[in-house]
Amino acid sequence: MSDFVSNGWHLYVAAIVIGGLLFCVLVLLGSARHKVIRDAQGNIEQTTGHVWDGDLRELNNPLPRWWVGMFVLTIVFGVGYLVFYPGLGSNQGTLGWSSAGEYRDEVAQAKVAEGKVYARFDGASVEKLAGDAQAHAIGERLFLNNCAACHGSDARGAKGYPNLTDKDWLHGGTPEKIIETITLGRHGQMPPMAAAVGTSEEVRQVANYVLSLSGSAHNSLMAELGRDKFKACAACHGADGKGNQALGAPNLTDKVWLHGWGEAAIVEMVTKGKVNIMPAQKDRLSADQIKVLASYVWGLSNNTTQTATAQDGSARPAGSLPQ
């Protein structure tokens, strides 16, 4: 496999490119070499010399001059391109152009243009940006492009993906925590706890006790039996089951179930555990973009009644886009 990344391969590439150009030249010369010769009366006097079945003669009428001219220009263009741009193996061309360099230049230009847009938001808090119509519109587009694939275009999430429009935050819903989450991502892990709880029947008892914490439908007798066994879970979820944001441990006393509701879902969670990952966005988004995106996310559950002020001084609901 190492042969395919050897430095010698660029010589093969160069040879193929040069060979292709030479072949085109030879084809052009060859087609012009043999011409049909006619006498003064216009009768064919000489052909290419190829004859089949005694009377089928191969003709070679001259190519149209415009076509020959285009062919020659194509060859000249190909040679010129190889002089100025990379094409002959590892040769970089006299201009030193590269697709990577072009990409870096475009990114640099985009960052300059982006900086002019985000300069308006310098010094503003996340809470203030949540009420700004322009910041809201930019944040919404950032959300749709980077977050909606998991959390949904309406940000209400799905099974395994948090709803961002409520105030149930595993790691805290302050602007600082939202920025931290977007920037660094999250790696949530609940280890399998069946061995610590006991038998499968005892796991069911714990599941019913967990259901009882939120007033959900449950078997009260099994829930009572599972109360003491819940101690194995209290290290993360707390003795009262209200969770721990420092650990990202969910509050079990509400009715917000990220990975499914009911005895069977809880039994599966206790038995198998769960790993959930939100990827970090620091390599995709700039600090300014993350701040504006965080203001949009924060506003979904904290700023729905606040009025957004546009640049023209008019007021709009924070949840609406400028027309």
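1. H10 counts as partly exposed, at 27% relative accessibility. The model is predicted. H10 sits in helix α1, residues 9–33. Setting aside neighbours within four places in sequence, H10 is in contact with G89 and S90. N91 also belongs in this picture. H10 and N91 are 81 residues apart in sequence, yet their C-alpha atoms are 8.6 Å apart in space.

2. Now the overall picture. The protein has 13 helices and eight strands. It has 323 residues, and 30% of them count as buried. Take the contacts between residues at least 6 apart in sequence: 59% of these join residues at least 24 apart. The accessible surface comes to about 20,400 Å². Carbon and sulfur atoms hold 58% of that surface.

3. One surface feature is a nonpolar patch. L63, W66, W67, M70 and L73 form it. Together these residues have about 560 Å² of accessible area. M70, one of them, is found in helix α2, residues 65–84.

4. Which residues of helix α7 are buried? In α7, residues 175–184, they are P175, I178, T181 and I182. They cover an arc of only 125° around the axis, so they lie on the same side of α7. E176 and L184 are exposed on the other side of the helix. The cover over the buried residues of α7 includes α4 (126–129), β5 (186–190), β6 (274–278) and α13 (287–302). Just after α7 comes G185, with a positive phi of about 75°.

5. Salt bridges come next. Side chains of opposite charge can pair when their charged atoms come close. The structure holds seven salt bridges. One of them joins the side chains of R120 and D132, at 3.0 Å from N to O. R120 lies in the loop between α3 (99–118) and α4, and D132 in the loop between α4 and α5, so the pair ties together parts that are twelve residues apart in sequence. R120 counts as partly exposed at 35% relative accessibility.

6. Is D132 buried or exposed? D132 is buried, with a relative accessible area of 13%; the cut-off for buried is under 20%. The loop that holds D132 runs between α4 and α5 (133–146). One of its polar atoms lies 2.9 Å from the backbone nitrogen of Q134.

7. R204 and E263 form another salt bridge, with the closest N and O atoms 2.6 Å apart. R204 is in helix α9 (residues 200–213) and E263 in helix α12 (residues 263–272), so this pair ties together parts that are 59 residues apart in sequence. R204 is partly exposed, with a relative accessible area of 32%. E263 is partly exposed too, with a relative accessible area of 26%.

8. Which residues do salt bridges with shared partners join into one network? They are K177, E180 and R186. In the E180 to R186 bridge, the closest N and O atoms are 3.0 Å apart. E180 counts as partly exposed at 30% relative accessibility. R186 counts as buried at 18% relative accessibility.

Technical notes:
Residues are numbered from 1 along each chain as its sequence is written. This is a predicted model: local features need pLDDT of at least 70, side-chain atom pairs count only at pLDDT 80 or more; totals for chains, interfaces and linings use all residues. Side-chain values use heavy atoms; hydrogens and water are left out. Buried means under 20% relative accessible area, exposed over 50%, partly exposed in between (1.4 Å probe, protein chains only). Helices (H or I, at least four residues) and strands (E, at least two) are DSSP runs, numbered from the N terminus. The arc is that of the directions from the helix axis to the C-beta atoms. Contact means heavy atoms within 4.5 Å. A polar contact is a pair of N or O atoms within 3.5 Å; within protein, one must be able to donate a hydrogen and the other to accept it, and residues adjacent in sequence count only if both atoms are side-chain atoms. Accessible areas come from the Shrake-Rupley method with a 1.4 Å probe; for residues, only the protein chains shown count as cover. Patches are made of residues with over 30% relative accessible area and no salt bridge: like charges are joined within 9 Å, nonpolar side chains (Val, Leu, Ile, Met, Phe, Trp, Tyr) within 5 Å. A salt bridge is a side-chain nitrogen of Lys or Arg within 4 Å of a carboxyl oxygen of Asp or Glu.
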